[in-house]
Number of protein chains: 2
Amino acid sequence: MITLRYDVLGIGNAIVDVIARAEDDFLVGQGMHKGTMALIDEARAQAIYAAMGPAIESSGGSAANTVVGVASFGARASFIGKIKDDELGRTFAHDIRAANVAFDTKPASRGPSTARCYIMVTPDGERTMNTYLGAAQDLKPCDIDEAQVASAAVTYLEGYLWDPPQAKEAFVKAAAIAQKNGRRVALTLSDAFCVDRYRTEFLDLIRRAIVDIVFANERELHSLYETADFDSTITALRSDARLAVVTRSEKGCVVVARNAVESVAAEPIGKVADVTGAGDLFAAGFLVGLVRGKDYRTSARLGGLAAAEVIQHIGARPAVSLKALAAENGLPV
Amino acid sequence: MITLRYDVLGIGNAIVDVIARAEDDFLVGQGMHKGTMALIDEARAQAIYAAMGPAIESSGGSAANTVVGVASFGARASFIGKIKDDELGRTFAHDIRAANVAFDTKPASRGPSTARCYIMVTPDGERTMNTYLGAAQDLKPCDIDEAQVASAAVTYLEGYLWDPPQAKEAFVKAAAIAQKNGRRVALTLSDAFCVDRYRTEFLDLIRRAIVDIVFANERELHSLYETADFDSTITALRSDARLAVVTRSEKGCVVVARNAVESVAAEPIGKVADVTGAGDLFAAGFLVGLVRGKDYRTSARLGGLAAAEVIQHIGARPAVSLKALAAENGLPV
């Protein structure tokens, strides 16, 4: 039996976010679909950057944000993702390591630059993302370290990994290692358009129980089952998945297990500044709850607390210690 | 007579801020003087970056922040400062141009990289800065475009320009052009340690009336006159300077003119998140008031509004339109 060294290992695209405020008109003018993630090439990246307002740069990436959240709760986290050995890649590596996440994936020494996500935050706090995958496209099965996966209680994978051509194979390899070692595999569906691209494959992963825990928001779930009826998606999910959590923004979340379906209210919050990372941080809290043996309701509340923290400021990573925040809210972890 | 094209031209070090939260213990451990700016070399920059927490990158630089504030008030702004033609330099150029500030200084194609300022923000909102000047050191008199200076109502210079060896000459050249064309020259004393390094020269600039408007905070003023007695610094300043504004944090500011000394209260604010840029944005509001023909009290209130906005979030540049903020507060510009 391999020793447990990490609570959560995240595998995902290593991305630096470039965040600017924008009006809704800007999205329309740029042909962007509000609230979604679009993949863009380098030329489009340059065009968007030239058109967008003053920005800040902040390390991001969906699974990377999640493991940073896990570490902020005081749990043990690691990450696998591909950067280039360039300025932005060094920024990504600095930030994730400084957040106490183990990160040892070998950077690419040539090829495209470190991935960037151009994020427009509209006055309502919604975010619209444009991702240039760059070096993240080069994540390969050889980047998956068997010992690292085997030593993590949960391996958390982002659906976005289906986009880069070889990352999918890395994903499948990691899931197989986790299963062989009796560890759990979690998957986030990432984005409704992403689900639309890979619906059959995602359903297959869930139905074959290669994935133990599924994270989805309502839009992703409607896309997965191609229906606008929420109740029927929950029924389908309960039949397909071992365990799933469906996040519903201000309506809280629904934990869908084989033996029970449980709704948990959202945390009360002030003004929403930027929803980027809400789902990522929810997953962080929920996973920390699970690995610490909390019940589903408590785990969901931990997820809700982390999500509430991150949407009240710009940027997709926590600005305070989530461990301290959880303790202040009577949920010590 | 050269046509007026800009309300304010800022000349300063072109810097990208790397901002992280830190505890007071971290400052002590790193030998940093809280609330001040220290100049560092590349090796020290790397050591600080390795030791500091997860960061965000946001364009900064004292005079650059000021002209971005001026533009946010809807006034016409331009900037002269030296970047390198590298990733960070492109970030700086993007951000200042996206903020509607004209910026045409030729980037350095070789030599040190674009300047970075490592900023630690402690829980009290105070910031402690460590500046690697890099390419900013290469600002030279030839970078000062005579027509640009001549066409600006106010040329605003930062005391920090005294640090890079040749920037001082650029400063003097710009001031001479402004004077010759009947424009006004403003100087911020920048930092108490900076004043300590160049006290004689700053006093000379003020007393010889090469500088028309002086911005200083209390600490800088005490350093300038080497006394802890506030009233005597005001008396000295009134005798030395044509016009000066002394900012006093939550105590507001004092406008010191030959014919009157006037105190103006600070704007009420919520929690202080990060004081970086407070002085820079105060100067922006005050200068916009002056060039729009407002009285000193109104100009000081505009400065106070801008400073209050910037200290309530992370980063040294406004997150909202200062023109709209001023209008909401009954001070249309």
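This is a predicted model: local features need pLDDT of at least 70, side-chain atom pairs count only at pLDDT 80 or more; totals for chains, interfaces and linings use all residues.
Me: What makes Gln148(A) count as buried?
Reply: Gln148(A) has 22 C-beta neighbours inside 10 Å. The cut-off for buried is 20 or more. So Gln148(A) counts as buried.

Me: Where is Gln148(A) found, and what is it in contact with beyond its neighbours within four places in sequence?
Reply: Gln148(A) is part of helix 5 (residues 146-150) of chain A. Its contacts, with those neighbours left aside, are Leu9(A) and Ser78(A). Phe79(A) is 69 residues away along the chain, yet the C-alpha atoms of Gln148(A) and Phe79(A) are separated by 9.4 Å.

Me: Why is Arg297(A) called partly exposed?
Reply: Arg297(A) has 13 other C-beta atoms within 10 Å. Exposed needs 12 or fewer, and buried needs 20 or more. The value falls in between, so Arg297(A) is partly exposed.

Me: What is the phi of Asn100(A), and what kind of value is it?
Reply: Phi of Asn100(A) is near 70 degrees. That is a positive value in a residue other than glycine. Most residues other than glycine have a negative phi.

Me: Where does Asn100(A) lie, and is it buried or partly exposed?
Reply: Asn100(A) lies in the loop between helix 4 (87-98) and strand 6 (101-103) of chain A. Asn100(A) has 17 other C-beta atoms within 10 Å.

Me: What is the phi of Ser190(A), and where does the residue lie?
Reply: Ser190(A) is not a glycine, but its phi is positive, at about 75 degrees. The residue lies in the loop between strand 10 (184-188) and helix 7 (192-207) of chain A.

Me: How do you know whether Ser190(A) is buried or exposed?
Reply: Count the C-beta atoms. Ser190(A) has 28 others within 10 Å. Buried takes 20 or more, so Ser190(A) is buried.

Me: How do you know how chain A and chain B are related?
Reply: Chain A can be laid on chain B by a turn of 180 degrees and a shift of 0.0 Å along the axis, with an RMSD of 0.0 Å. The two copies are thus related as by a two-fold rotation axis. Within chain A, Glu57(A) comes closest to the rotation axis, at 2.5 Å (C-alpha).

Me: What makes up the contact between the chains?
Reply: The contact takes 18 residues from chain A and 18 residues from chain B. On the side of chain A that touches chain B, strand 4 and helix 4 of chain A each give two or more residues. Helix 4 of chain A gives the most, with six residues. By type, that side divides into eight nonpolar, six polar and four charged residues.

Me: What makes strand 4 of chain A and strand 4 of chain B a pair?
Reply: The two strands have three bridges between them. A pair needs at least two, so they pair. The sense is antiparallel. Ile56(A) stands opposite Ser58(B).

Me: What is the strand order of the ten-stranded open sheet, and which strands are its edges?
Reply: The order is 3(A)-8(A)-7(A)-2(A)-4(A)-4(B)-2(B)-7(B)-8(B)-3(B), with mixed pairing. Strand 3 (37-39) of chain A and strand 3 (37-39) of chain B are the edge strands, because each pairs on one side only. Neighbouring strands are turned by 25 degrees against each other on average, direction ignored.

Me: How many bridges join strand 2 to strand 4 within chain A?
Reply: Five bridges join strand 2 (residues 15-21) to strand 4 (residues 56-60), and the two run antiparallel. Val18(A) stands opposite Glu57(A) there.

Conventions
Residues are numbered from 1 along each chain as its sequence is written. Chains are lettered from A and ligands numbered from 1 in the order in which they are written. Axes are lines fitted to C-alpha atoms, for helices over the stretch in contact, and angles run from 0 to 180 degrees between N-to-C directions. Two residues are in contact if their C-beta atoms, placed from the backbone, lie within 7 Å. Copies are superposed by least squares on the C-alpha atoms of residues with pLDDT of at least 70 in both. Ala, Val, Leu, Ile, Met, Phe, Trp, Tyr, Cys and Pro count as nonpolar, Asp, Glu, Lys and Arg as charged, and the others, Gly among them, as polar.
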